[in-house]
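Please open the model in your viewer and keep the selection tool at hand. The stops below go from one side-chain contact to the next.

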Amino acid sequence: MKVEVNDPPSNTKMHANEKQGFNMPFFAMSGLFGGIAEQSVVRARENYEKMKAASGEMADIFRETYSTNAKGAADYGAKFIEISGANTDSAFDFFTNLMGTKSLSEIINLSTTQSRKNVEAVSAQNRELWDLAQKVATETAEPIKKSFTRVLRKVS
């Protein structure tokens with residue numbers, strides 16, 4: 001079977017940039033989509049630059065916070081070592097005094113006194129460590145909170 005292709009009648013004019021069924025020329029539509037795509041690219045670049053700047057600021061915040069936290073941890077460790085030294089000295093003093101006792105009543109009296117001192121000392125030491133831990137947490141968290149709020153406001 002042979003299929004014949006007929007040319008359109010000569011009185012029908014069809015422009016190269018028009019498609020049948022569309023009233024708008026093809027190039028006009030591509031220009032419209034090109035403008036939308038261009039705007040999207042510009043917005044994406046702007047958002048990328050904002051996020052890049054925010055990321056840099058956040059990295060700086062983390063470095064500063066890490067430094068503050070490391071200093072706080074070092075202070076806490078130093079206080080812990082100081083407390084351990086004081087407790088060791090107290091224990092040696094107790095054993096030294098215990099060696100000099102001559103009666104059971106002196107041993108009981110010395111032990112009772114030492115126990116009371118230990119309870120008071122441990123209570124005070126725990127309070128010091130707790131206060132120091134709270135200070136470190138506050139010094140670490142507050143700048144992060146303020147900085148993140150500032151950075152997020154810039155980005156949005």
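Begin by selecting K71 and D75, which both lie in helix α1 (residues 26-99), four residues apart, or about one turn of the helix; helices here are DSSP runs of H or I with at least four residues, while strands are E runs of at least two, numbered from the N terminus. This is a predicted model, in which local features need pLDDT of at least 70 and side-chain atom pairs count only at pLDDT 80 or more, whereas totals for chains, interfaces and linings use all residues. Residues are numbered from 1 along each chain as its sequence is written, and side-chain values use heavy atoms, with hydrogens and water left out.

With both side chains shown, K71 and D75 meet in a salt bridge, at 3.0 Å from N to O, the term being used for a side-chain nitrogen of Lys or Arg within 4 Å of a carboxyl oxygen of Asp or Glu. K71 counts as exposed at 53% relative accessibility, and D75 as partly exposed at 32% (buried means under 20% relative accessible area, exposed over 50%, and partly exposed in between, with a 1.4 Å probe and protein chains only).

Next, select K79 and E128, whose side chains form a salt bridge with an N to O distance of 2.8 Å. This pair links distant parts of the chain, since K79 belongs to helix α1 and E128 to helix α2 (residues 104-155), 49 residues apart. E128 is partly exposed, with a relative accessible area of 36%.

Staying in helix α2, select R116 and E120, which are four residues apart, about one turn of the helix. The closest N and O atoms of their salt bridge are 3.9 Å apart. R116 has a relative accessible area of 45% and is partly exposed, and E120, at 48%, is partly exposed as well. A search of the whole structure finds six salt bridges.

For the last stop, turn to the aromatic rings. Rings of Phe, Tyr and Trp (its six-membered ring) pair if their centres lie within 6.5 Å, and planes under 30 degrees apart count as stacked, over 60 as edge-to-face and the rest as tilted. How many aromatic pairs does this rule give? The count comes to one. Select F94 and F95, whose ring centres are 5.5 Å apart and whose planes stand at 55 degrees, so the pair is tilted. F94 counts as buried at 15% relative accessibility, whereas F95, at 48%, counts as partly exposed.
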